[in-house]
Amino acid sequence: MATFRARNRSSAVLRSSRGEVWAALTDADLVARITPFVTAIDVAGDRWTWRMGTIPVLGISVAPTFTEVMELHPRDRIVFTHDPERPEEMTAVMGTYDLADHPGGGTEVSIDLQISCALPLPGLARPAVERVMAGVVKHMGTVFSRNLLEHLGEAEAA
């Protein structure tokens, strides 16, 4: 068993207001619908439990479930960390969304997230596994962004 990681950092300027972007990013049902591989997000207070469909990784398949503690700073920042009360979960995500008014109008949105996943693979497989993970994370981000823009009525900007 070894732990593998992938990271995504990106930013974009949206035409939508911070309030509209905030409402979308804090709506767990919407986030589940617009994020590839996510089948549901269950909310219990400040805990969001993400349930994902099966993802193939080098001959094995994983269907991650992980719980994030969501720290919401209304219309400014979302900080998410893995729930320390869930050490049995094999996948964890940590990161931030930052929202700011853009000088030219609209909202600048930045994300920085890191995913770690313990898999029944040897550490020697790290370069290949992390390459696959990076590809999956990139795909998820691309589709999430496209779907978010569509939800906000900005699809033509994609």
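Predicted model: local features only at pLDDT ≥ 70, side-chain atom pairs only at ≥ 80, totals over all residues.
Local features are reported at pLDDT of at least 70 and side-chain atom pairs only at pLDDT 80 or more, whereas totals for chains, interfaces and linings use all residues. Residues are numbered from 1 along each chain as its sequence is written, and side-chain values use heavy atoms, with hydrogens and water left out.

Helices (H or I, at least four residues) and strands (E, at least two) are DSSP runs numbered from the N terminus, and two strands are taken to pair if DSSP finds at least two bridges between them. Strand β2 (residues 38-44) is joined to strand β3 (residues 47-52) in the antiparallel sense by 6 bridges, and the two form a hairpin with 2 residues between them, where glycine 45 in the turn has a positive phi of about 65°. Arginine 47 in β3 is the bridge partner of alanine 44 and also stands opposite valine 69 in β6; β3 and β6 (residues 65-73) pair in the antiparallel sense over 5 bridges.

Helix α3 (residues 126-151) comprises 26 residues and reaches 36 Å from its first C-alpha to its last, close to the expected 38 Å, a span defined as 1.5 Å times one less than the number of residues. Its buried residues (under 20% relative accessible area, 1.4 Å probe, protein chains only) include Val129, Phe144 and Leu148.

Leucine 25 touches (heavy atoms within 4.5 Å) residues including Trp48, Tyr97, Phe144 and Leu148, not counting residues up to four places away in sequence.

Technical notes: Buried < 20%, exposed > 50% of the residue type's maximum accessible area, 1.4 Å probe, protein only.
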